[in-house]
Amino acid sequence: MTTPPSSDLPHAFHRIVVAVDASPLSLMALEASAALAQRSHAELTALFIEDVNLLRLASYPEAYSYSLTTAQRRSLEADVVAQAMKLQQAAARRALDDAARRFGLTARFEARRGLIAPEMIQASAACDLLVAGWSGRPGLPLGRRARLGTVARALLGKAAAPVFLLRHSLRSHDPVLVAYDGSAAARRALDLAAALAAQSDGDLEILIPAADPASADELEHQARAILAALGLPATSQRFTATDLAAPCRRYDHSLLVAPLDLLPPAEDLPCSVVAVR
Amino acid sequence: MPIAPLPAEALYRRCDESLLPFETTAELPDLSEPFGQDRAVEAIRFGIGIRAHGFNLFALGPEGTGKSSMIRQYLTAAATDQNAPDDWVYVNNFDKPHKPWALRLPPGCGPELKKGMETLVEDLGLALPAVFESEEYRTRKQVIEAQFKEYSDNAFATVQAQAAEHSIALLRTPVGFALAPMRGEEVLSPEDFQKLPEDEQKTFREHIARLQEQLEQALKALPQHERESREKLRRLDQETAQGSVDRLMENLRRRWQDHEGVSRYLDAVRDDVIEHVGDFLDPDGGEERHPNGPVPRKLSQHPAFRRYQVNLLVTNGHHKGAPVVFEDNPTMPSLVGRAEHIAQFGALLTDFTLIKGGSLHRANGGYLVIEAHKLLMQPFAWEALKRALRGGRITIEGPGENMGLLSTVSLEPEPIPLDVKVVLTGEPMLYYTLSHYDPEFSELFKVAADFDWRTERTEAAIQAYARLAGTLSRQEKLRPLHRGAVARIIEHASRLAEDVEKLSTHMASLGDLVREADYWAGQEGADIVERRHIQKAIDAHSFRSDRVRSHILEEIHRGTVLIDTSGEVCGQINGLAVMELGRFSFGHPSRITCRVHPGKGEVLDIEREVEMGGPLHSKGVMILSAFLASRFALKGPLSLSASLVFEQSYGGIDGDSASSTELYALLSALSELPIRQNLAVTGSVNQFGQVQAIGGVNEKIEGFFDVCKARGLDGSHGVLIPASNVKHLMLRTDVAEACAQGLFHIYPVETIDQGIELLTGVEAGLADEKGDFPLGSVNRRVAARLNAFTRILMANAPGEERRDRSS
């Protein structure tokens with residue numbers, strides 16, 4: 001596949017914000033963001049938020065926490081929580097520095113204190129892609145958590161910029177699937193998908209809602225024309241409106257780009273997703 | 001009566017060409033039977049035929065007697081009529097990988113099993129991923145995963161939902177989960193909490209306590225559910241794999257259903273493939289292959305599937321009979337096999353695929369031929385061979401393992417039953433040494449094939465020898481030999497055997513002679529090898545080896561080494577010595593002198609005194625002393641001191657072949673009768689004065705002849721040899737011809753008295769009934785001199801001793 005220079009594509013990124021808390025998924029998100037930033041020559045900001053809810057909880061004299069691995073109860077001490085947050089912040093900063101060095105980026109680290117979702121929604125106003133892990137909770141060994149994290153859920157609802165929720169590490173040549181229903185958001189999704197596919201060298205597949213054959217053909221024709229103008233070949237297939245997740249299940253790893261309106265409940269999706277408003 | 005010299009015909013027995021009824025050897029059929037080794041042939045036939053334990057063969061004989069070629073000939077013939085032995089392979093023992101299984105397969109079936117397993121792995125590598133990518137499998141897997149996810153999510157969601165109902169948040173902290181009272185989206189601070197009404201605080205506390213309990217229960221139940229889900233996934237994988245594996249293995253299992261060992265192995269393979277099906281889905285274990293790293297050409301060669309390989313140790317499909325293996329480098333590993341190691345991250349690792357068979361494996365069911373001295377030179381090899389023969393099985397182990405020297409992780413491959421006939425070849429000394437010092441040797445090598453180095457020179461043997469020479473020239477594409485050449489070869493074979501009635505069986509010498517003669521014939525442009533070419537080959541070989549001999553002759557001629565060949569000297573005689581330089585030996589004269597004076601009956605052997613004389617030489621001197629005493633000191637003590645020496649001898653000497661010579665010198669010195677220097681003497685003597693046979697008689701005579709010839713033969717020169725050595729005479733042509741012309745003489749001597757008469761020209765003299773010898777005889781003079789010594793001693797002895805001696 002011939003990859004056109006990313007700067008020629010309509011949705012090259014200028015500012016990418018990635019939320020980092022040193023959890024494994026957030027580190028994968030940082031890695032993916034750095035790769036995108038490098039190829040788009042975009043500015044990368046890593047956002048670390050000290051959760052005030054947690055600090056308040058830790059200040060209770062009789063607060064307890066329950067270990068996920070041992071199921072044992074421990075007293076939650078404020079200084080331990082504070083220290084742990086410091087360590088997480090330091091780890092996140094180190095990860096950013098390391099990624100910036102490896103990818104040759106100028107990256108910024110920003111630490112804020114507040115409620116996580118509102119802070120990230122606020123940050124999304126000043127960027128053209130907000131990247132975060134699917135869930136902040138450490139994954140259970142067997143499979144990944146199906147339920148979307150509360151923060152991710154809030155982002156999908158309220159973020160100003162497209163939200164990239166990472167479920168797996170992003171690998172080159174992973175296919176990029178884009179849902180297209182002719183809406184303005186779908187058009188933006190198509191541009192974004194084209195940029196992501198070009199950058200990851202992955203195949204591009206257009207997913208058309210199969211409401212009635214005539215309109216589906218028309219939509220497919222439109223989408224192909226747009227991509228052809230960008231010099232990107234693509235395959236296409238239909239999906240029933242109720243099951244956008246089905247085409248994604250054919251791949252172990254894939255990336256779905258879709259207008260927010262077309263997205264099924266995110267729990268049903270087996271892959272990483274970029275929601276476009 | 002003086003002894004007559006030997007007639008010319010006694011010095012060299014020509015081969016009568018009428019015994020050779022052919023023009024050239026091209027007319028003769030090949031000789032298929034071994035020559036002159038009837039005893040060894042019988043032993044080899046017996047050794048090959050008998051299959052009982054311990055009846056291995058040791059072929060002993062001097063180097064060059066054709067042991068190896070004869071053994072090859074007989075073993076190959078015997079092996080052709082036997083069945084090819086079974087194949088052996090090593091396969092993985094899935095329960096105990098350090099103890100690989102050995103499988104016995106019918107001849108030629110080893111490669112088939114190996115190929116079958118390779119094909120199976122390739123097929124599994126294609127089929128299993130396809131099965132695991134099927135919609136059916138994916139759906140079933142997703143259902144199991146979804147069930148667990150649902151359970152875990154529900155467990156938290158239930159707690160979370162109940163918490164939310166009561167304005168309580170379930171928070172993830174860096175050290176686990178915690179519950180906190182909320183207002184809106186924010187956690188209440190402790191201060192705000194305190195400001196709440198008491199009832200509300202209490203309600204919060206109660207709810208939190210109850211939810212904490214639920215959370216704890218949910219967290220505790222998770223690992224169990226996770227285990228159950230894993231087990232379900234594992235069973236699903238196995239069920240999914242099982243069908244494909246069974247289907248793909250069906251042909252292989254049917255092919256080997258009658259073979260218990262292979263069937264058992266295939267069962268283990270099936271279970272292992274199902275157990276480790278993940279390897280076929282992702283052979284690299286999720287790791288991307290290094291772009292420059294080696295890419296296995298076939299899946300069956302992939303490191304993840306080494307354990308399904310079949311290590312073909314030995315296959316006999318291409319053999320028509322039993323194997324005959326000649327091991328030229330019998331180290332311990334090359335005999336019993338070895339387990340090689342590969343270095344990985346600084347550690348030495350091994351597995352069953354690195355087992356290499358040895359010559360015992362290749363020869364199993366047949367014959368293994370080893371040169372004994374090579375075997376004994378290799379550390380641990382002899383013990384390893386004995387262990388294998390004694391135990392009847394081949395156990396592969398490293399040289400240091402049985403001594404506990406190495407502690408690296410190694411293999412203990414299943415031993416392989418051994419049924420082999422081992423043939424050792426070697427010098428007789430090795431055989432006798434092993435028999436003497438190693439008790440196991442006689443138990444394991446019960447058959448000795450004793451190769452003789454000579455055989456009788458009969459008419460039949462002469463004709464067989466002609467066929468042998470002809471066979472050799474044909475095999476090596478040399479020119480055919482004329483019967484005259486064959487006759488000369490026969491004569492040379494007698495010379496090599498040092499006996500006119502024998503022929504040498506040293507095949508290496510015969511082969512070299514024929515090859516060298518062919519070369520000289522080629523130089524001459526002749527089409528056939530004539531007698532003169534054989535003679536040229538003998539002379540040229542002698543000349544090439546001749547440097548030391550010619551130097552000695554030169555020094556004698558120049559007077560550096562003092563040897564008289566004319567005149568007469570008292571107490572001085574020409575002895576004869578043989579020098580051996582590798583396979584070339586020659587004789588040369590050596591002056592022996594004797595001085596006497598009154599003394600206490602001692603004959604001083606100067607060679608022994610300076611430790612240059614060997615024990616046999618000392619024995620000879622003691623015998624001649626005994627002879628002297630018994631003849632001359634019957635009436636009184638032997639009042640003599642004599643010293644004997646090999647003049648200008650700077651190396652050690654041994655052997656008793658000069659004892660008669662020394663006795664002549666002693667008698668000359670005592671009798672004051674001079675000895676002829678144009679004669680040389682060889683022969684040992686016994687206590688009765690009889691002259692006995694010695695070795696190297698031809699070389700000795702030729703050695704003195706060369707010296708005399710260089711100074712000019714005048715008919716007076718000659719050599720005294722023991723009469724019992726006459727049958728050993730096969731002298732050089734020029735010596736025999738000089739004798740025929742009366743220029744040189746060989747005297748066969750039976751007694752010391754005969755010899756001394758020849759040397760001094762004076763009668764030896766027989767004692768009369770009183771023990772007195774005739775006047776003027778040698779012995780009379782000796783006795784008189786000894787009496788004179790006695791008188792001198794008595795005159796000079798102190799009074800007491802003088803009375804004792806006179807009484």
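**Two chains and their contacts**

Visitor: Among contacts in chain A between residues at least 6 apart in sequence, what percentage join residues at least 24 apart?

Guide: For chain A, 70% of the contacts between residues at least 6 apart in sequence join residues that are at least 24 apart, where a contact means that two C-beta atoms, placed from the backbone, lie within 7 Å. This is a predicted model, in which local features need pLDDT of at least 70 and side-chain atom pairs count only at pLDDT 80 or more, whereas totals for chains, interfaces and linings use all residues. Residues are numbered from 1 along each chain as its sequence is written, while chains are lettered from A and ligands numbered from 1 in the order in which they are written.

Visitor: And what is that percentage for chain B?

Guide: In chain B, 76% of the contacts between residues at least 6 apart in sequence join residues at least 24 apart.

Visitor: How many helices and strands are there in chain A, and how many in chain B?

Guide: Chain A has eight helices and 12 strands, and chain B has 27 helices and 30 strands. Both kinds of element are DSSP runs numbered from the N terminus, with helices being H or I over at least four residues and strands being E over at least two.

Visitor: What share of each chain counts as buried?

Guide: In chain A, 47% of the 277 residues count as buried, and in chain B the figure is 42% of 807 residues. A residue is buried if 20 or more other C-beta atoms lie within 10 Å of its own, exposed if 12 or fewer do, and partly exposed in between.

Visitor: Let's stay with chain A. Why is strand β11 of chain A called largely enclosed?

Guide: β11(A), residues 255-259, is largely enclosed by the rest of the structure because five of its five residues are buried. On one side these are Leu255(A), Val257(A) and Pro259(A), and on the other they are Leu256(A) and Ala258(A), so both faces of β11(A) are covered.

Visitor: Which strands pair with it?

Guide: Strand β8 of chain A (residues 176-179) runs parallel to β11(A) and is joined to it by three bridges, and strand β12 of chain A (residues 272-276) also pairs with β11(A) in the parallel sense, over five bridges. Two strands are taken to pair if DSSP finds at least two bridges between them. Val257(A) of β11(A) is the bridge partner of Val178(A), and Val257(A) has Val274(A) as its bridge partner in β12(A).

Visitor: Switching to chain B: what is the order of the strands in the open sheet there?

Guide: The open sheet of chain B has seven strands in the order β23-β24-β22-β21-β26-β29-β30, with mixed pairing. β23(B), residues 602-605, and β30(B), residues 744-749, are the edge strands, each pairing on one side only. From one strand to the next, the twist averages 30 degrees.

Visitor: In what sense do β23(B) and β24(B) pair, and which helix lies across β24(B)?

Guide: β23(B) and β24(B), the latter covering residues 640-646, pair in the parallel sense over four bridges, and Asp605(B) stands opposite Leu644(B) in β24(B). Helix α22 of chain B (residues 659-671) lies across β21(B), β22(B), β24(B) and β26(B), and runs at about 30 degrees to β22(B). Such angles run from 0 to 180 degrees between N-to-C directions, and axes are lines fitted to C-alpha atoms, for helices over the stretch in contact.

Visitor: At what angle do α15(B) and α17(B) pack?

Guide: Helix α15(B), residues 459-475, packs against helix α17(B), residues 507-524, at about 60 degrees, and their axes are 10 Å apart. Ala469(B), Leu472(B) and Ser473(B) of α15(B) make this contact with Leu510(B), Gly511(B), Val514(B) and Asp518(B) of α17(B).

Visitor: Where is Trp256(B) placed, and is it buried or exposed?

Guide: Trp256(B) lies in the loop between α6 (198-255) and α7 (260-275) of chain B, and it counts as buried because it has 21 C-beta neighbours inside 10 Å. Leaving aside residues up to four places away in sequence, Trp256(B) touches Val262(B), Ser263(B) and Leu266(B).

Visitor: Last topic: how many residues does the contact take from chain A and from chain B?

Guide: The contact takes 31 residues from chain A and 29 residues from chain B. On the side of chain A that touches chain B, α2 (52-58), β3 (64-66), β4 (73-75) and α3 (78-103) each supply at least two residues, and α3(A) gives the most, with five.
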